[in-house]
Amino acid sequence: MKFLLPSALTFFLVFSCNLVIAENDQLLIASQKKGKALVVSVAKGNCIACHSIPSESDIVSLANIGPPFLNLKARFPNKADLEKKIWDPTFSNPNTIMPPFGKHKILTITEIHQIIDYLYSL
């Protein structure tokens with residue numbers, strides 16, 4: 001025996017799901033914009049002091065101390081690994097010159113997540 005939803009209920013469920021998806025997309029876009037601002041902010045992330053972002057024509061950086069921000073999804077398929085790297089890079093490399101942004105309270109965990117959202121959009 002199959003259960004068929006009335007067409008009005010089906011429409012409502014599909015419409016509701018689309019609204020949730022659209023809202024999530026807008027939240028992600030807002031997070032990415034905040035992350036981009038943090039990446040270039042001298043007072044916060046200042047990532048472009050050491051990393052270049054070749055895919056962004058509006059961000060000029062000649063930095064080559066750290067690896068360029070390319071293919072971050074492939075290099076860090078698990079966002080938690082990238083979060084750990086930004087929070088305290090000395091955990092995986094005690095000799096790094098990258099500051100422990102989270103550990104030293106330069107960035108909040110929310111700001112780190114915003115940066116990761118931006119980096120994953122590149």
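This is a predicted model: local features need pLDDT of at least 70, side-chain atom pairs count only at pLDDT 80 or more; totals for chains, interfaces and linings use all residues.
View 1. Leaving aside residues up to four places away in sequence, glutamate 111 touches Leu38, Lys44 and Ile106.

**View 2. The salt bridge between lysine 44 and glutamate 111.** One of the residues that glutamate 111 touches, Lys44, is also its partner in a salt bridge, in which the closest N and O atoms are 3.1 Å apart. This pair links distant parts of the chain, since lysine 44 belongs to the loop between α1 and α2 and glutamate 111 to helix α4, 67 residues apart. The two partners fall into separate accessibility classes: lysine 44 is partly exposed at 28%, whereas glutamate 111 is buried at 14%.

**View 3. The salt bridge between lysine 36 and glutamate 56.** Here the side chains of lysine 36 and glutamate 56 meet in a salt bridge, with an N to O distance of 3.8 Å.

**View 4. The salt bridge between aspartate 88 and lysine 103.** In this pair, the closest N and O atoms of aspartate 88 and lysine 103 are 3.6 Å apart. Both residues are placed in the loop between α3 (79-87) and α4, and the pair, 15 residues apart, is one that links distant parts of the chain. Aspartate 88 is buried, its relative accessible area being 14%, whereas lysine 103 is partly exposed, with a relative accessible area of 48%.

**View 5. A salt-bridge network of Lys36, Glu56 and Asp58.** Salt bridges with shared partners join Lys36, Glu56 and Asp58 into one network, and the pair of lysine 36 and glutamate 56, at 3.8 Å from N to O, is among the salt bridges of the model. The count of salt bridges comes to five, including the one between lysine 44 and glutamate 111 and the one between aspartate 88 and lysine 103.

How values were computed
Residues are numbered from 1 along each chain as its sequence is written. Side-chain values use heavy atoms; hydrogens and water are left out. Contact means heavy atoms within 4.5 Å. A salt bridge is a side-chain nitrogen of Lys or Arg within 4 Å of a carboxyl oxygen of Asp or Glu. Helices (H or I, at least four residues) and strands (E, at least two) are DSSP runs, numbered from the N terminus. Buried means under 20% relative accessible area, exposed over 50%, partly exposed in between (1.4 Å probe, protein chains only).
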